[in-house]
Amino acid sequence: RRCKCDDGANAHGREVQRLVCQLRAAVSNSSPGEAVRIYQALHDRIAAAPRGQSEDRTRSQATEQAPCHRDMRGLHVHIRRTAATVEDQGARDQLLRVVVRIVEDMRWLGMRVGATETDACVYAHSRLGNYGAAVDMWQRCVAALGSTDSAPAQNAIKKLFPQTHRFALEAAVASRNTQTICKVYHGSVKAMQTAHCVDEAFFWCVLNPRVEPSPRTEAARWRPEWLGSAFLTQMYHDVVSLVGRNGRVLSKTGQHLLRALFAEGLREQAMQLYIEMRTPDGAYGHSTPNSTDGPITPEILCEVVGGLCRHSRLEEAYNTLVNADQGHRNIYAWNSYFDGLSDGIQRNRSCRGPEAGMREKLELAIREMEAMDGIKPDTVTRTIWMRACFRSGDWHSGEACFRDNYKTMRSDVVCWDTCVRGLLESEDVHAARRGWRLVGDLARQLDGKAESAMEGVDTMRLAGKNESVMEGVDARFVETVLRHMLSRVSSRAWGFSPYDVLDRSEMARIFAWAEKNVSLDSSHVHGIIVTSLLDAGRIEDALDVHDAMRERGMWPPKPVSCMIVRALAMMHGLSRAEEFIAAKVPRQQYTAAYFILLRIALQHREYAAAWALVDKHYPEVALEANDDGACAPHASSSSSSSRVYPNETMYNTFLRLTREHGDLAQHRLVLDRIKVHLGVIHLTHPAAAQRIARVYNYHRALQ
């Protein structure tokens with residue numbers, strides 16, 4: 001575009017206009033480095049502009065009318081569109097930083113920052129990883145929507161674009177801060193309802209976000225059920241009212257809501273929701289029962305069956321499965337039920353008779369699936385059967401299942417992990433020897449040596465000349481090998497020495513292979529090392545590993561912190577463990593960590609120490625943010641800024657142990673404390689109050 005400076009413009013204005021034109025040319029020629037350099041000079045020129053003593057309003061009117069300043073409004077739009085077409089991440093980030101600086105300069109000059117500038121700035125911050133800045137920019141503009149100050153009418157933002165709310169919610173989800181997510185979500189929904197504009201993609205930001213988390217935040221995969229059933233219930237109603245009853249977004253929201261309800265122990269509410277979704281014209285239903293385009297999908301059936309199995313309601317899960325529509329009863333739903341039967345073997349290893357055996361029941365269920373729906377078992381089904389064999393103690397059948405189906409299982413790392421784990425966890429020395437031999441052969445083949453990875457099977461003939469048993473080295477498989485290797489060497493609980501299974505040279509070679517392929521950026525690997533060090537009695541080394549995790553920006557997993565707390569309490573006393581909790585354990589893990597100390601104190605009948613632990617953070621512990629301002633993923637759904645302390649588990653243990661010890665006076669004191677505690681938290685934490693009330697009523701009835 002040709003420059004349109006007035007003939008009477010001074011030298012400063014002409015220089016600014018010249019830099020604007022050069023900046024446009026640099027952006028059009030895809031030269032981000034040149035664009036950044038030119039805008040830095042333009043920024044310096046604008047900052048050095050002569051200004052009088054006039055008010056900000058006069059300066060705003062002057063800059064709005066100046067062509068060189070008016071050009072900035074279309075400049076950031078042009079740069080943003082160009083950045084969307086740049087493939088290089090570094091060059092794209094440079095252009096987005098220029099967009100942010102242009103909007104900041106416009107605000108400093110007193111120019112109007114409207115919906116377009118807000119959208120550009122929120123988008124740029126979210127793509128640059130500045131999630132806090134993106135949310136703050138959105139928050140200021142949302143607050144300005146309802147402001148009643150004396151700003152000129154032309155400078156007031158009437159409404160924001162729907163995609164602006166979406167960009168802000170994406171940034172909030174990427175920050176992993178549940179309190180921020182709730183604030184942005186509810187504010188955006190209210191603003192969209194006021195503006196009568198609905199963006200279906202807005203809800204997908206919670207269900208399936210596309211923005212990756214910052215390296216300093218929790219790196220785990222985002223799970224919407226972390227927000228809790230209360231939030232997801234409100235979101236479900238919002239989807240119904242704003243989007244409609246039919247659609248993938250409603251089904252996906254219902255799926256995560258069911259998962260959250262089962263995870264929180266609200267099985268009855270989950271089944272009520274499922275029934276209402278299946279009922280025509282119900283609260284969540286639709287006109288055609290079991291329609292494939294309604295809320296009920298095969299994924300929802302899988303969630304219900306899997307949730308019932310996790311609650312040990314196997315008969316109810318079976319009835320739900322067989323009574324469902326045949327179009328929804330696919331192999332995934334059946335595998336959810338099979339997995340529940342396999343877990344039942346682990347929960348009750350004594351049920352191995354012909355009448356009550358879970359393994360026999362699993363075999364009959366697989367045959368029923370083939371007869372009822374004509375579905376053949378897949379690799380997942382065979383893996384579940386193999387796991388059931390190992391859990392029931394029949395490692396011969398588990399290994400035979402892997403050998404017989406080796407052609408279909410050889411490329412699946414889960415199958416390898418299940419077979420190796422089952423053999424190594426067996427108490428039979430022959431099974432352990434075969435497991436380590438399998439690991440050694442597989443390690444050699446993954447390193448490029450053509451050797452058989454399965455005894456009795458010609459691996460190269462089945463896999464082919466140019467195929468491998470697995471596509472590279474999987475982190476989970478390496479972590480399994482490392483865990484069993486370290487536990488065999490350090491633990492004193494095994495009935496035989498690790499060198500009875502494997503000679504020293506072979507063990508050193510496998511350990512070197514695992515060390516070469518393991519990732520030290522994984523908190524799970526650090527947990528394996530901490531467990532092995534604690535088994536060997538090296539608690540100081542375990543503390544050093546825990547400190548290394550925190551220095552590397554990793555969130556210490558709750559099991560790791562609890563293991564160290566238990567070891568410190570048993571070896572150095574409760575006071576040393578309390579010092580460790582106060583200094584190095586995140587506040588989101590306080591209830592689990594102090595529960596361990598409470599149980600140890602009660603087992604030794606040290607009631608003074610037990611009451612001191614109960615009063616430590618009574619009636620609730622305030623959650624703190626980590627270094628990036630993000631709370632733990634599993635923060636309380638009822639109140640994101642605090643968590644009930646003591647919780648229902650601590651109260652239940654206190655009451656159970658005092659009753660077993662016959663200390664009825666202490667038992668009554670705990671019941672009185674619960675009654676007072678319920679009166680304090682019943683409004684702020686209703687879900688936690690309901691759980692504690694169940695504990696109170698149960699022990700009150702026993703008394």
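**A closer look**

Guide: Let's start at glutamate 170, which belongs to helix α8, spanning residues 162–175. Helices here are DSSP runs of H or I with at least four residues, strands are runs of E with at least two, and both are numbered from the N terminus. Please keep in mind that this is a predicted model, in which local features need pLDDT of at least 70 and side-chain atom pairs count only at pLDDT 80 or more, while totals for chains, interfaces and linings use all residues. Residues are numbered from 1 along each chain as its sequence is written, and side-chain values use heavy atoms, leaving out hydrogens and water.

Glutamate 170 has a relative accessible area of 2%, so it is buried; buried means under 20%, exposed means over 50%, and partly exposed lies in between, using a 1.4 Å probe and protein chains only. Its side chain makes a polar contact with the side chain of arginine 127, at 3.2 Å. A polar contact is a pair of N or O atoms within 3.5 Å; within protein, one must be able to donate a hydrogen and the other to accept it, and residues adjacent in sequence count only if both atoms are side-chain atoms.

In the loop between α8 and α9 (178–195) you will find arginine 176. Arginine 176 is not a glycine, yet its phi is positive, near 60 degrees. Most residues other than glycine have a negative phi, and most peptide bonds are trans. Arginine 176 is buried, with a relative accessible area of 4%. Serine 312 also has a positive phi of about 60 degrees without being a glycine, but serine 312 is partly exposed, at 44%.

Now for the aromatic rings. Rings of Phe, Tyr and Trp (its six-membered ring) pair if their centres lie within 6.5 Å; planes under 30 degrees apart are stacked, over 60 edge-to-face, and the rest tilted. By this rule there are 13 aromatic pairs. In one of them, tyrosine 594 and tyrosine 645 have ring centres 5.9 Å apart and planes at 80 degrees, so they meet edge-to-face. Tyrosine 594 is in helix α31 (residues 590–603) and tyrosine 645 in the loop between β2 (642–644) and α33 (648–661), so this pair ties together parts 51 residues apart in sequence. Tyrosine 594 is buried at 1% relative accessible area, and tyrosine 645 is buried at 0%.

Tryptophan 611 and phenylalanine 654 pair too: their centres are 5.2 Å apart and their planes at 50 degrees, so this pair is tilted. Because tryptophan 611 lies in helix α32 (residues 607–614) and phenylalanine 654 in helix α33, the pair ties together parts 43 residues apart in sequence. Tryptophan 611 counts as buried at 17%, as does phenylalanine 654 at 1%. Elsewhere, one aromatic cluster is formed by Tyr185, Phe202, Phe203 and Phe231.

Back to tyrosine 645: the peptide bond from it to proline 646 is cis, with omega near -5 degrees. Tyrosine 618 and proline 619 are likewise joined by a cis peptide bond, with omega about 5 degrees, and proline 619 sits in the loop between α32 and β1 (620–622). The ring of tyrosine 618 has the charged end of arginine 673 over it, 4.6 Å from the ring's centre. A charge sits over a ring if NZ of Lys or CZ of Arg is within 6 Å of the ring centre and within 35 degrees of the ring normal.
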